[in-house]
Amino acid sequence: MKLKRRYYSLIYKVYQINILHEAWLTVKWNQGSGVIVGMYEKNVSTNLRELQRLLQQGRYVPDPVRRHYIEKENGKLRPPGILTVQDRICQQAVRQIIEPIFEEDFYYYSCGFRAGYSAHQAIRTIGRAKRNGYEHVVDLNIVSFFDEIPHGGLMEKVQERISDGKVLTLIRGWLTAGIMEDDQFHETEIGSPQGGVISPLLANIYLNTFDWEMKEQGFAVVRYADAPEENKGCGFR
């Protein structure tokens, strides 16, 4: 098995002001013209410099995620988390730096939460599999996936590529920042916050071993996501 390169010094890239500014623009674009985003933008240069200073000094501490429930089409409630603008920017900056590293390893039919991939592409892949002679399909849905990711197992996967202790500390901090619900603080011992900028990437990192091992077992696997809190997959034989 080919040894994977590990990256030991990445934090200095994360807190470069141009990276933070790029992350801010992405957050602004995704969040729209919300009041909180608008307030941050009024002093965006000062705010980004302050975030840079906190990261440089190792003093950045993420805030707890505010839980907000959204009703799904089936009547069930989805519990996405609302992060502060600063936490979203910091997560986006880290994601911009580490995502290309893990993209080199991802299974080629993993179509969820990746740029250039979609559920529609997964459907086209299924069509090709059928034309190539596959006859049976198993449809799998990982229920409450983001809520159940074990922190220890996830961090082991991250550390296969990332050895920068400061970046690892940031990721652990986001996983364990806790949740605020009805003015009550709840610790987060498992799971990755739905709505977190970096959560989709962490989901793919955690499931990548599953994708490749299924392939080695003779299954033509296609994994995709049709909702923010769900990961789905199809296996063919």
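At what angle do the axes of helix α4 (residues 44-56) and helix α5 (residues 85-103) cross? Before selecting them, note that this is a predicted model, in which local features need pLDDT of at least 70, side-chain atom pairs count only at pLDDT 80 or more, and totals for chains, interfaces and linings use all residues. Residues are numbered from 1 along each chain as its sequence is written, and side-chain values use heavy atoms, with hydrogens and water left out.

Select α4 and α5 together: their axes cross at roughly 65° and come within 11 Å. Axes here are lines fitted to C-alpha atoms, for helices over the stretch in contact, with angles running from 0 to 180 degrees between N-to-C directions; helices are DSSP runs (H or I, at least four residues) and strands likewise (E, at least two), numbered from the N terminus. Now show the side chains of the contact (heavy atoms within 4.5 Å), to which α4 gives Leu48, Leu51, Leu54 and Leu55, while α5 gives Gln86, Ile89 and Cys90. These residues divide into 6 nonpolar, 1 polar and no charged, where Ala, Val, Leu, Ile, Met, Phe, Trp, Tyr, Cys and Pro count as nonpolar, Asp, Glu, Lys and Arg as charged, and the others, Gly among them, as polar.

Stay on α5 and select Gln91, which lies in that helix and counts as buried at 4% relative accessibility; buried means under 20% relative accessible area, exposed over 50%, and partly exposed in between (1.4 Å probe, protein chains only). Leaving aside residues up to four places away in sequence, Gln91 touches Leu83, Trp174, Gly196, Val197 and Ile198.

Next, select Tyr107 and Trp212, whose ring centres are 5.1 Å apart and whose planes stand at 80°, so the pair is edge-to-face. Rings of Phe, Tyr and Trp (its six-membered ring) pair if their centres lie within 6.5 Å, with planes under 30 degrees apart counted as stacked, over 60 as edge-to-face and the rest as tilted. Because Tyr107 lies in the loop between α5 and α6 (119-131) and Trp212 in helix α10 (residues 199-216), the pair ties together parts that are 105 residues apart in sequence. Tyr107 is buried at 2% relative accessibility, whereas Trp212 is partly exposed at 27%.

In the loop between α5 and α6, select Phe113, a residue other than glycine whose phi is positive, near 60°.

Finally, move to Asp182, in the loop between β6 (179-181) and β7 (184-186); Asp182 has a positive phi of about 55° and is exposed, at 69% relative accessibility.
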